[in-house]
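Subject: Structure for your review

Dear colleague,

Please find below the sequence and structure that I am handing over to you. My findings follow directly after it.

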Amino acid sequence: MAAKSPVKEPPGTSAVNPTTPLAPPPVKPELPSSSEPDVVNVPSYSRWFSFDSISECEVKFLPEFFDSRSPSKNPRVYRYYRDSIVKHYRENPSRKITFTDVRRTLVGDVGSIRRVFDFLETWGLINYFASVKTLKWEDKETKSSAASAESSSALKETSKRLCNGCKTLCTIACFACDKYDLTLCARCYVRGNHRVGVSSSDFRRVEISEEARSDWTEKETLQLLEAIMHFGDDWRKVAQHVSGKSEKDCITHFIKLPFGQEFICKESDSEDVDNKFFSINNPSDAVSESENVGATSPSKRMRLTPLADASNPIMAQAAFLSALAGVEIAEVAARAAVTTLSDVDDRASKGSLMRNTRQQEAGVASNGDATQNALARASVDASSLIEKEELDVEKAISGIVEVQMKEIQDKIIRFESLDLQMEEEWKQLEQVKNLLFVDQLSVLFHKSNARKNGDRTEENVKTDVS
Amino acid sequence: KFRMPTADNLVPIRLDIETEGQRYKDAFTWNPSDPDSEVVVFAKRTVRDLKLPPQFITQIAQSIQTQLTEFRSYEGQDMYTAEKIVPIKLDLRVNHTLIKDHFLWDLNNYESDPEEFARTFCNDMGIEDPEVGPAVAFAIREQLYEIAIQSVASAREIKISKKGRRGAEHAISSKGGGNALDLMKLFRYNSSVVRKRKEWYVYEPIVDILSNEEVDALEAREDRNTR
């Protein structure tokens with residue numbers, strides 16, 4: 001039962017150093033047609049696999065077989081399990097093999113067999129294509145209602161999405177992987193904080209804010225406008241008037257309406273703001289509608305992930321923000337940032353601050369390619385205002401600093417004079433001490449003399465007396 | 001101290017659960033040092049793979065857990081480890097393969113490996129059905145487990161009887177570990193280690209491939225026996 005079929009790896013994958021793919025690389029190539037029966041497809045991140053040897057990958061993920069803690073768990077046994085499982089699968093690659101099938105045929109304890117099986121499945125060495133079919137089967141099994149595909153989206157709509165990685169509530173946008181039933185918030189997705197064996201391209205972006213609320217029909221929009229005319233700012237009443245939409249929904253939708261620009265302070269570039277809102281509407285719809293990864297997105301996603309690996313927190317933050325906002329919006333923002341920079345360069349240079357932002361924005365710019373500059377003007381003005389503020393703040397701070405320095409100088413002078421005084425007093429004290437000492441000495445001297453004289457006089461007296 | 005007299009301390013687990021007219025029979029080896037969370041994971045996996053109704057999950061998990069706890073309850077106790085070469089009999093049917101065998105096993109050899117034996121057995125006998133190997137290993141393990149339990153009981157009895165070495169010998173003979181005694185008799189005099197020809201047939205492994213009708217007949221008989 002040797003595996004006679006050659007292992008074909010999908011074309012278009014770059015050469016990978018055998019030691020690097022210890023974590024599955026994010027690039028997953030296009031799925032090739034698997035029509036030939038003799039060829040087995042293996043994902044590119046598993047190309048280290050060979051029947052003849054054990055790679056570092058396996059040692060790392062299944063250490064129990066390699067640390068000689070248990071006498072019967074040795075590499076030979078591991079290879080026996082692994083080879084039999086893989087051969088079993090490859091006999092019929094289009095059929096998904098289950099763990100139970102396999103463990104019935106293998107001699108050994110079921111715990112370790114299960115671990116090897118899971119490892120092989122995660123790395124796509126078995127059950128690589130069968131997953132597509134079984135997904136539908138599992139969906140049917142888990143759904144209680146016999147509804148159509150709507151039920152799957154309904155399921156997602158009604159429940160709040162919790163991220164599998166960091167266990168926080170997903171807001172705005174999240175990334176869902178149907179293959180392994182994972183949900184990640186944008187931050188975890190960018191950081192690559194997902195299970196081993198899941199590549200970033202398995203995820204598709206799910207916009208919570210757009211998908212969770214259903215589309216606004218014309219009727220509802222009309223209702224909304226009426227309500228706003230009547231109730232003005234009282235969003236609670238507006239929400240009540242519009243059937244089936246919460247306050248927040250009303251507000252968000254209202255802002256997104258094309259004429260929302262009237263409520264923003266008029267600037268010279270109001271038409272650009274107008275464009276901005278249209279563009280927000282369109283990409284968000286496009287993204288929320290597209291379930292599967294389109295033709296262009298994988299390439300953009302590929303570019304996203306290099307940033308995800310950046311250790312620089314600013315870059316990670318930029319990647320996170322762009323993942324959150326969506327691909328097109330991120331490109332727009334990047335464009336805007338680039339034009340801002342070119343404008344700012346004309347004005348007074350700011351030094352290191354600008355260098356940082358330039359790096360950041362250059363990084364973000366490299367993320368996107370498209371040529372929309374709707375957001376450019378707005379952000380340019382915003383940034384110029386910010387710079388003015390910064391200038392003012394700097395001046396104020398330098399003034400304060402000067403005053404404080406003067407204070408300190410005065411204090412120093414005073415202290416110096418005090419010091420001098422103290423020195424003089426000290427000297428005087430010393431002199432007085434010396435004088436005192438001299439006096440004491442003389443007193444003692446005289447005393448001793450006096451005593452002698454006294455004795456002599458006493459003697460004299462005595463002798464006189466006697 | 002109690003442990004399975006094999007290289008790895010694995011527990012043979014047998015499952016025979018019947019719910020709602022569906023019967024699930026299985027036998028496999030479990031590593032008792034795996035965390036208990038594994039039990040539920042395994043149960044869920046099995047139910048999912050075999051498409052059994054979900055009530056099986058709890059029952060399977062419970063059954064496994066019970067057997068594991070029983071195994072662990074023996075763990076601290078003493079085992080009587082005298083000279084013990086015991087006969088192991090294999091008499092099992094896996095799908096279409098019928099296996100009968102009879103061989104001797106050294107209980108004191110803690111490096112023994114039923115899995116290795118099973119693998120070699122299948123290779124040597126040219127057995128094609130891959131499910132036979134685990135079944136053979138399981139059967140061996142089960143018998144070893146039984147014997148180990150008995151030796152714990154006999155150790156207890158010896159302590160109680162307090163007769164010392166002679167008492168131990170008596171205990172052995174009364175326990176049906178008389179096989180060990182027979183061997184000592186065998187090797188005492190000028191008998192050779194080579195088995196007598198007339199006894200060869202007893203110890204010969206027999207592997208039969210059954211046809212479908214025979215399999216059905218046997219299954220029917222087994223079901224009747226168990227009910």
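Lys51(B) counts as exposed, because its relative accessibility is 58% and the cut-off for exposed is over 50%. Please note that this is a predicted model. Lys51(B) sits in the loop that joins α1 (37-50) and α2 (55-73) of chain B. Although Lys51(B) is not a glycine, its phi is positive, at about 60°.

Asn95(B) likewise calls for a remark on its backbone: its phi is positive, near 50°, in a residue other than glycine. Asn95(B) belongs to the loop between β3 and β4 of chain B. With a relative accessible area of 36%, Asn95(B) is partly exposed. The hairpin of β3(B) and β4(B) in which Asn95(B) takes this phi has two residues between its strands. Strands β3 (residues 85-94) and β4 (residues 97-106) of chain B are paired in the antiparallel sense, over 10 bridges. Within this pairing, Leu90(B) has Asp101(B) of β4(B) as its bridge partner.

As to the two chains, chain A contains 17 helices and five strands, and chain B contains seven helices and five strands. Along chain B, starting at the N terminus, the order of elements is β-β-α-α-β-β-α-α-α-α-β-α. In chain A, 34% of the 466 residues count as buried; in chain B, 41% of the 227 residues do. Of the contacts with a separation of 6 or more, residues 24 or more positions apart account for 64% in chain A and for 66% in chain B.

I turn next to the interior. In soluble globular proteins, nonpolar side chains tend to be buried together. Here the largest nonpolar core has 72 residues, of which Ile85(A), Ile60(B) and Ile64(B) touch the most other members. α4(B) supplies the largest share of this core, 10 residues. A second, separate core consists of 11 residues, among them Leu224(A), Ala227(A), Val238(A) and Cys250(A). Returning to Ile60(B), its contacts beyond four places in sequence are Leu15(B), Ile17(B), Tyr24(B), Ala43(B) and Val47(B).

Leu106(A) lies in the loop between α3 and α4 (110-122) of chain A. Is this residue, Leu106(A), buried or exposed? Leu106(A) is buried, because its relative accessible area is 3% and the cut-off for buried is under 20%. Setting aside residues up to four places away in sequence, Leu106(A) touches Tyr80(A), Tyr81(A), Ser84(A), Ile85(A) and Ile113(A), as well as Pro134(B). Between Leu106(A) and Tyr81(A) the C-alpha to C-alpha distance is 7.0 Å, while their separation in sequence is 25 residues.

Finally, the second largest pocket holds about 1,200 Å³ of space. Its lining has 37 residues, and those closest to the centre of the pocket are Arg14(B), Lys25(B), Ala27(B), Arg93(B) and Val94(B). Two or more lining residues come from each of α3 (99-105) of chain A and, in chain B, β1 (11-19), β2 (22-30), β3, α4 (132-161) and α7 (212-226). α4(B) contributes the most to this lining, namely seven residues. By type, the lining of the second largest pocket comprises 16 nonpolar, six polar and 15 charged residues.

With kind regards

Definitions and conventions. Residues numbered from 1 in each chain as written. Chains lettered and ligands numbered in written order. Predicted model: local features only at pLDDT ≥ 70, side-chain atom pairs only at ≥ 80, totals over all residues. Heavy atoms only, no water. Pairing = 2+ DSSP bridges. Helix = DSSP H or I, 4+ residues; strand = E, 2+ residues; numbered from the N terminus. 1 Å grid on protein atoms, 1.4 Å probe; cavity = no way out; pocket = protein on both sides within 12 Å on 5 of 7 lines; lining within 4 Å. Points joined across faces, edges and corners; volume = space filled by probe spheres on them. Nonpolar A, V, L, I, M, F, W, Y, C, P; charged D, E, K, R; others polar. Core = buried A, V, L, I, M, F, W, Y, C linked by side-chain atoms within 4.5 Å. Buried < 20%, exposed > 50% of the residue type's maximum accessible area, 1.4 Å probe, protein only. Contact = heavy atoms within 4.5 Å.
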